[in-house]
Amino acid sequence: MLAVFNKEVAKCPEELKNAESLGNVKEDALIQQFSSVHPNALSVHLGDSGFIAFSSDKQNPLLPRLFAVVDDIFCLFHGHIENIPSLKQLYGLTKTANEVSIIIEAYRSLRDRGSSPADHALRNIEGKFAFVIYDSSIKTTFFSVDTDGSVPLFWGTDSEDHLVLSDIPEVMQNACGRSFAPFPKGFFFTSAGGLKSYEHPRKVLKAVPWVDSSGQACGSTFMVTEESNKENKQLGIKSGMPRVGSDADWSKKI
C-alpha cells in the first residue's frame with residue numbers, strides 16, 4: 001500500500017523528520033516505483049489532499065491486501081481479522097462483509113455516532129492488521145497497526161512536508177530519505193487527534209530514535225511512558241478507559 005497526504009490533511013510528527021536526509025521524489029515517480037514493485041497497481045488521486053495506491057499482487061493469502069471505497073471513505077487494508085462474526089454483529093453488517101468493509105463501518109460509526117473513542121473500537125479488533133483511511137467528505141485520515149506490528153507499515157515525511165505511508169521500505173527511502181520509521185505497534189493516528197496508543201490512550205508518548213537494518217539513523221518511533229498527561233493529572237483522572245455518559249461525543253477526535 002502507498003498513501004501520501006498533504007500537511008493540511010495529516011500533519012507529520014516533527015520527530016519523524018531527519019534534517020540531514022529528506023527524499024525528493026515527485027508524485028508520478030513515486031507511483032511509478034510502487035508499480036514497479038507491484039505491477040498493475042491502482043492509484044487514486046485525492047485532489048489537493050494527496051493520493052493512494054494499491055495492489056493485490058504478490059500478496060500473502062493469509063494476510064491479504066484489500067481496497068474499498070464506500071460513501072467517499074477510501075480504505076487500504078492489509079491483514080486478517082479473527083473475530084469477523086462478532087464485529088459484523090456489532091456493526092449490523094451482512095454475511096458477505098469482509099475486513100475492509102468492517103474497518104470502514106467502524107470508522108463511520110465513530111464519525112457519525114461518536115458514542116465511543118477510537119481506541120475502544122480498535123481494541124475490539126482481534127487479528128493482524130494495518131489500515132489507512134481517508135474520508136474525502138471531511139478531508140480527514142485515520143490509520144492504525146495492531147499491537148504486535150504483524151503487518152509492516154512505515155510512515156515519514158518528504159521534502160514538501162507531506163506525510164507518506166507504505167509497506168515497502170525502498171519506496172519510503174526514495175520518498176522520505178531517512179525521514180521515516182515503522183508506524184508504532186498498537187497505535188493509531190487521526191487528523192484531529194494526532195498519534196495515540198490505543199492500549200494506553202491517556203499516556204504521554206516518547207519519541208525514540210530509530211536505526212534501520214543498515215545502521216542508518218532515520219526518524220523516530222514512539223512508545224508510551226508511565227506518566228499520564230498533564231490534563232489528566234489536573235483533572236485527577238486515572239489512566240484507562242474513561243467513564244462517560246451516553247451523550248458523550250467522540251466524533252470530533254477523528
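1. Basis. This is a predicted model, where local features need pLDDT of at least 70, side-chain atom pairs count only at pLDDT 80 or more, and totals for chains, interfaces and linings use all residues. Residues are numbered from 1 along each chain as its sequence is written, and side-chain values use heavy atoms, leaving out hydrogens and water.

2. Six strands make an open sheet, in the order 4-5-6-7-11-12, with antiparallel pairing. Strand 4 (65–70) and strand 12 (194–197) are the edges; each has a single partner strand, so one side of each lacks a neighbour in the sheet. From one strand to the next, the twist averages 15 degrees. Strands here are DSSP runs (E, at least two residues), while helices are runs of H or I with at least four, and both are numbered from the N terminus. Two strands pair if DSSP finds at least two bridges between them.

3. Strand 4 runs antiparallel to strand 5 (residues 73–81), and six bridges join them. Across this pairing, F67 stands opposite L76 in strand 5.

4. The helix on that sheet. Helix 3 (residues 99–112) lies across strand 4, strand 5, strand 6 (127–135) and strand 7 (140–145). Helix 3 runs at about 125 degrees to strand 5. Axes are lines fitted to C-alpha atoms, for helices over the stretch in contact; angles run from 0 to 180 degrees between N-to-C directions. Contact means heavy atoms within 4.5 Å.

5. Six strands form an open sheet in the order 2-3-1-9-8-10, and the pairing is antiparallel. Strand 2 (42–45) and strand 10 (180–182) are its edge strands, each pairing on one side only. The twist averages 15 degrees from one strand to the next.

6. Four bridges link strand 2 with strand 3 (residues 50–54), and the two run antiparallel. S43 stands opposite A53 in strand 3. Helix 1 (residues 27–37) lies across strand 1 (2–5), strand 2 and strand 3, at about 10 degrees to strand 3.

7. Helix 5. Which residues of helix 5 (residues 169–176) are buried? They are V171, M172, A175 and C176. Seen down the axis of helix 5, these fall within an arc of 100 degrees, so they line one face of the helix. Buried means under 20% relative accessible area (1.4 Å probe, protein chains only). The arc is that of the directions from the helix axis to the C-beta atoms.

8. Around helix 5. The cover over its buried residues includes strand 1, helix 1, strand 8 (154–157), strand 9 (163–166) and strand 10. G177 follows helix 5, with a positive phi near 65 degrees.

Notes:
Buried < 20%, exposed > 50% of the residue type's maximum accessible area, 1.4 Å probe, protein only.
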